[in-house]
Amino acid sequence: MPRNRPLVVVGDTLLDTDVEGQAHRLAPDAPAPVLDVAEEHDRPGGAGLAATLAGAFPPDAAAGGSEGGPEIVLVTALGQSRSDQTVRDLLTPRVRLLELPLRGSVPVKTRLCADGRPLLRVDRGGGTVGPVTDEVRAALAGAHTVLVSDYGRGVAARLRAELAVLAGHTQVVWDPHPRGEPPVPGARLVTPNAGEAMALCSGDHRDANGDGLHGHGWRGAALASEWHSAAVAVTLGRRGAVLARPGDEAPLYFPPLQEVDGDPCGAGDCFAATAARALADGALPEEATHEAVRQSGAFVAAGGVRNPALWGGVPAAPPTPPVSKTDDARALAASVRARGGTVVATGGCFDLLHAGHVGMLQNARRTGDCLIVCLNSDVSVRRLKGEGRPITPEADRISVLAGLDCVDAIAVFDENTPERLLRELRPHVWVKGGDYGTERLPEASTLEEWGGRVLLLPYLDGRSTTALARRAAGHHGAARPSGLEQSS
């Protein structure tokens, strides 16, 4: 996306306040818990949170996201109360704020929480949104992508005419609310949650096909047809999301990439913001939905809106691999050694995983009690193989290897060779493909330090990264690739 074309977030901003404390007793005059308040935290909610997250969570670079990212502009309605000024103070360091006048005050949602668990929510405030300004019209006209975060408080309704024209030539992502406006025709992606999708469907469609994935997909397709939108992603919380297009009989299901327990407050805003940012960076709706599921899961796992790092101007969580096998390699090796088992390790780039790799890995696992793959990082592969490598980025290589039952753990290293990592793992057996000779393995002398040994296993004949890359290049009429090794 051109850097001078902003991502514009349009919608109702709220002030969310968490009152934190402990509740160990009941009030003497009523069977109600008494909250001993320890602290209070204010943060922007609604469209304000979505705009903050759109800037804090750039899409994964491996999925095609840009590093710098677009300017984030928030179009919202604010009044003149103390709560409105608090919202301004929270937002101005993070986004460019364009205000519509608000007769009244920003809605304030206060959660009373005991030991991190909500006891009660108190809502107050609200008002009437004033006329659209020329500055807001100019910002919308210059947007590359627009995210409408509609909480039914009047901003989307006030701007509906402008948004309807905009959807004819600009990407519009619409996060709807049952009390809000229906998406304008032509929206690229609409992101209701399961309850909202059910409430927004017409009577005949509302309860059809139940709460299963097929039912959610069916309602998504029905809403896409009704709204004349390109696609609808129905978010399902810890179950992931389904993506449907008008008339779809087989919508796409995107399961969560990790099991997550945590406060889901703000996860829907994170999903919509991430999807909008991914589309702004050139992703397809399918790619944007996948990235949004991944990032909203990471958001909840990192503490969600309670994560103080989010409000310190840095991402609340680094991009997390969709597997856990990278976390336990050293502990696994120590555990297997402690019980007298045999630790087997192998290594390489595994840039294009082929049948030769899989056969070698399966045979390597059979030689011991666990198999740890030492994987060259992207930096290491590029240093060894040159620009253009790796073909497959690190996170994807981890994900593919972790999907093999024969692989028990993965450890990534940045050096040219894994000697330092091997000294930490201390495997009994170091396995390499049969196209190597022992004299070419610098790891051999390292293994001897603790009595380990090198084992060569044959590859399936004719399977290699080189052969795959050359065959692909020849098929597309491209020049023959260089620097592609057989073993990785």
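Among contacts in the protein chain between residues at least 6 apart in sequence, what percentage join residues at least 24 apart? In this predicted model the share is 67%, where a contact means heavy atoms within 4.5 Å. Residues are numbered from 1 along each chain as its sequence is written, and side-chain values use heavy atoms, with hydrogens and water left out. Because the model is predicted, local features need pLDDT of at least 70 and side-chain atom pairs count only at pLDDT 80 or more, whereas totals for chains, interfaces and linings use all residues.

The protein chain contains 17 helices and 17 strands, taken as DSSP runs (helices H or I, at least four residues; strands E, at least two) and numbered from the N terminus. Of its 488 residues, 49% are buried, that is, under 20% relative accessible area, with exposed meaning over 50% and partly exposed in between (1.4 Å probe, protein chains only). The chain exposes about 21400 Å², of which carbon and sulfur atoms supply 51%.

In helix α11 (residues 329–338), the buried residues are Ala329, Ala333 and Val336. They cover an arc of only 70° around the axis, which puts them on the same side of α11; the arc is that of the directions from the helix axis to the C-beta atoms. The face turned away from this buried side carries the exposed residues Ala331 and Ala338. The cover over the buried residues of α11 includes β13 (343–348), β14, β15 and α15 (419–425), and just after the helix Gly340 takes a positive phi of about 85°.

In helix α14 (residues 394–402), Arg397, Ile398, Leu401 and Ala402 are the buried residues. Their arc around the axis is only 125°, which puts them on the same side of α14. What covers them includes α12 (355–366), β14 (370–376), α13 (378–385) and β15 (409–413).

A search of the whole structure finds three cavities of 30 Å³ or more, a cavity being a set of points on a 1 Å grid over the protein atoms alone where a 1.4 Å probe fits but cannot get out. The largest cavity holds about 80 Å³ of space. It is lined by 13 residues, of which Asp12, Ala77, Leu102, Pro107 and Arg153 are the closest to its centre; lining residues have an atom within 4 Å of a point. At least two residues of this lining come from each of β4 (72–78), β5 (96–114) and β6 (117–129).

Technical notes. Accessible areas come from the Shrake-Rupley method with a 1.4 Å probe; for residues, only the protein chains shown count as cover. On a 1 Å grid over the protein atoms alone, a cavity is a set of points where a 1.4 Å probe fits but cannot get out, and a pocket is an open set with protein on both sides within 12 Å along at least five of seven lines; lining residues have an atom within 4 Å of a point. Grid points are joined across faces, edges and corners, and a volume is the space filled by probe spheres set on the points.
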